[in-house]
Amino acid sequence: MKIAIIHDYLNQYGGAERVLETFLEIWPDADVHTLLYDRNQLPKRMHELGVKSSFLNRFPFRQFYYEYLLPFYPLAVERIDTRKYDLVISSSSAWAKGAVTDIKTCHVSYCYNPMRFAWDSFFPLIKQKGFITKGLSLIISMLRVWDAVSSKRPDKYFTISEFVQKRIRKYYNAQADIIYPPVDTDFFKPDTDKRQEEYFLLVSRLKSYKRIDIAIEAFNKLHKPLIIIGEGIEKSSLRSMAGSNIQFLSGIDDKTLLSYYQRCRAFVFPSEEDFGI
């Protein structure tokens, strides 16, 4: 059986990419397609996947401004030729579930969330100041139509939590079965021999909906040490608002990350989360 896994982006590493790794443990011979690919932002173990990227990967400065390519994503995902595959698995939080398949190909979507910026985050997003935002509201309105139409393309939905299951039912009028994301509890576990230290820890993609700004505002007032581990488009603005008691780290391997988890006083979790691995 010929299998393809279509993943929105591979230009950052987070929970969805951990899920992708698990998919590839189950289907190691699957072809991996993605819209944007930057191997330098991924762990070394993911460098040899033979990823097939879209034409968007040839755009200049894509690694810094990929969110400004919004109008082109539907075209890019629909140009992925799926005709030779018996099974397509879309690993999707926005675009991958919009892949076009013919009648002989089974399309299963593992949906992390319906297109967040088009639904849940639409009004907070368009109320931001700036001339770019005014044009963005029109683009997102058109993308919402595409999202609703393309939501009918998968033959079956699976999702990560009851929380997201309700969103899929509301926005896509589809029933999704729940398969919780994988958590490596043999590796990520407490260590009672390690001394608890006084810092607090936050691990997340640095994106606006994660509400890292709330944690920074709180710790600016508390003057307690906070370590933030992660990458994202909001990094520079978050660093500019952070006091000297707040430290940003990136490029942390899992062994080092585990040590930070085991030694922190508490984990800080400010966002309304779909499923926080």
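## Aromatic rings

Rings of Phe, Tyr and Trp (its six-membered ring) count as a pair if their centres lie within 6.5 Å; planes under 30 degrees apart are called stacked, those over 60 edge-to-face, and the rest tilted. Ring pairs of this kind link Tyr9, Tyr73, Trp95, Phe117 and Trp146 into a cluster. The model is a predicted one, in which local features need pLDDT of at least 70 and side-chain atom pairs count only at pLDDT 80 or more, while totals for chains, interfaces and linings use all residues. Residues are numbered from 1 along each chain as its sequence is written, and side-chain values use heavy atoms, with hydrogens and water left out.

The structure holds 18 aromatic pairs. One of them joins Phe23 and Trp27 and is tilted, at 6.1 Å centre to centre with 50° between the planes. Phe23 is buried at 11% relative accessibility, whereas Trp27 is partly exposed at 27%; buried means under 20% relative accessible area, exposed over 50%, and partly exposed in between, with a 1.4 Å probe and protein chains only. Phe187 and Phe188 form an edge-to-face pair, with 4.9 Å from centre to centre and 85° between the planes. Phe187 is partly exposed, with a relative accessible area of 28%, and Phe188 is partly exposed too, at 26%.

## Charges over rings

A charge sits over a ring if NZ of Lys or CZ of Arg is within 6 Å of the ring centre and within 35 degrees of the ring normal. The charged end of Arg167 is placed in this way over the ring of Phe163, 4.3 Å from its centre. Arg263 lies over the face of Tyr260, at 5.2 Å from the ring centre.

Helices (H or I, at least four residues) and strands (E, at least two) are DSSP runs, numbered from the N terminus. Strand E1 covers residues 3–10, and eight of its eight residues are buried, so the strand is largely enclosed by the rest of the structure.

Two strands pair if DSSP finds at least two bridges between them. E1 pairs in the parallel sense with strand E4 (residues 87–92) over five bridges, and Ile6 has Ser90 as its bridge partner in E4. E1 also pairs in the parallel sense with strand E2 (residues 31–37), over six bridges; here Tyr9 has Leu36 as its bridge partner. Together with helix H1 (residues 15–26), E1 and E2 make a right-handed β-α-β unit. Right-handed means that, with the strands pointing away from the viewer, the path from the first strand over the helix to the second runs clockwise.

## The sheet of E8 to E11

Four strands form an open, parallel sheet in the order E10-E9-E8-E11. E10 (246–249) and E11 (266–267) stand at the edges with a single partner strand each, so one side of each is left without a neighbour in the sheet. E8 (residues 200–203) and E9 (residues 226–229) pair in the parallel sense over four bridges. Leu202 has Ile228 as its bridge partner in E9.

Helix H9 (residues 254–263) lies across E8, E9, E10 and E11 and runs at about 140° to E8. Axes are lines fitted to C-alpha atoms, for helices over the stretch in contact, and angles run from 0 to 180 degrees between N-to-C directions.

Lys235 is placed in helix H8 (residues 235–241) and is buried, with a relative accessible area of 14%. Leaving aside its neighbours within four places in sequence, Lys235 is in contact (heavy atoms within 4.5 Å) with Leu206, Gly230 and Ser250.

Lys166 is found in helix H6 and is exposed, at 53% relative accessibility. Lys166 and Asn113 are 53 residues apart in sequence and 10.0 Å apart in space, C-alpha to C-alpha.

## Positive phi in two loops

Most residues other than glycine have a negative phi. Asn173 has a positive phi, near 55°. Asn173 is in the loop between helix H6 (162–172) and strand E7 (176–178) and is exposed, with a relative accessible area of 66%.

Arg211 is not a glycine either, yet has a positive phi of about 55°. The loop that holds Arg211 runs between E8 and helix H7 (212–222). Arg211 is partly exposed, with a relative accessible area of 35%.
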